[in-house]
Amino acid sequence: MSDPTPAADPTLANRVTELEIMVMHMQADFQKVNSVVLEQQREIDALTKSLDRLGSKVDKLGEEPEKRDPVQERPPHY
């Protein structure tokens, strides 16, 4: 009786080799996607911090009284 191992069946050996190559490509693609996702998360974190700082500034601007002197202002028609 013949042994159905990959070495005995060239077609099966080729299919296994092709599958291994596909898995290697998928691993490389996964690593690339993972690095892109990590970079995007860093950018999102930085943008969130920036947005929080801007929100704080806007809140402070709303709390401060207006610092203008109506007597010193020129009318709009000048």
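**Reading charges along a helix**

Mentor: Glu-39 is partly exposed, with a relative accessibility of 36%. Please bear in mind that the model is predicted.

Trainee: With which residue does the side chain of Glu-39 meet in a salt bridge?

Mentor: As a general idea, side chains of opposite charge can pair when their charged atoms come close. Here, the partner of Glu-39 is Arg-42, with 2.9 Å from N to O. Both residues belong to helix α1 and stand three residues apart, about one turn of the helix.

Trainee: How many salt bridges does the count come to?

Mentor: The count comes to one salt bridge.

Trainee: Which residues form the positive surface patch?

Mentor: Lys-49, Arg-53, Lys-57 and Lys-60 form this patch. Patch members must have over 30% relative accessible area and no salt bridge. One of the four, Lys-57, lies in helix α1 and has a relative accessible area of 56%.

Trainee: Is Thr-48 buried or partly exposed?

Mentor: Thr-48 is partly exposed, because its relative accessible area of 39% falls between the limits of 20% and 50%. Thr-48 is found in helix α1, which spans residues 10-63.

Trainee: Which backbone oxygen lies 2.7 Å from a polar atom of the Thr-48 side chain?

Mentor: That oxygen belongs to Ile-44. The 2.7 Å separation is within the 3.5 Å limit for a polar contact.

Definitions and conventions. Residues numbered from 1 in each chain as written. Predicted model: local features only at pLDDT ≥ 70, side-chain atom pairs only at ≥ 80, totals over all residues. Heavy atoms only, no water. Helix = DSSP H or I, 4+ residues; strand = E, 2+ residues; numbered from the N terminus. Buried < 20%, exposed > 50% of the residue type's maximum accessible area, 1.4 Å probe, protein only. Polar contact = N/O pair within 3.5 Å; in protein donor to acceptor, adjacent residues only side chain to side chain. Patch = residues over 30% accessible without salt bridge, like charges linked within 9 Å, V, L, I, M, F, W, Y side chains within 5 Å. Areas by Shrake-Rupley, 256 points an atom, 1.4 Å probe, with all protein chains shown as cover. Salt bridge = Lys/Arg side-chain N within 4 Å of Asp/Glu carboxyl O. Lys, Arg positive; Asp, Glu negative; His and termini not counted. Charge placed at Lys NZ, Arg CZ, Asp CG, Glu CD.
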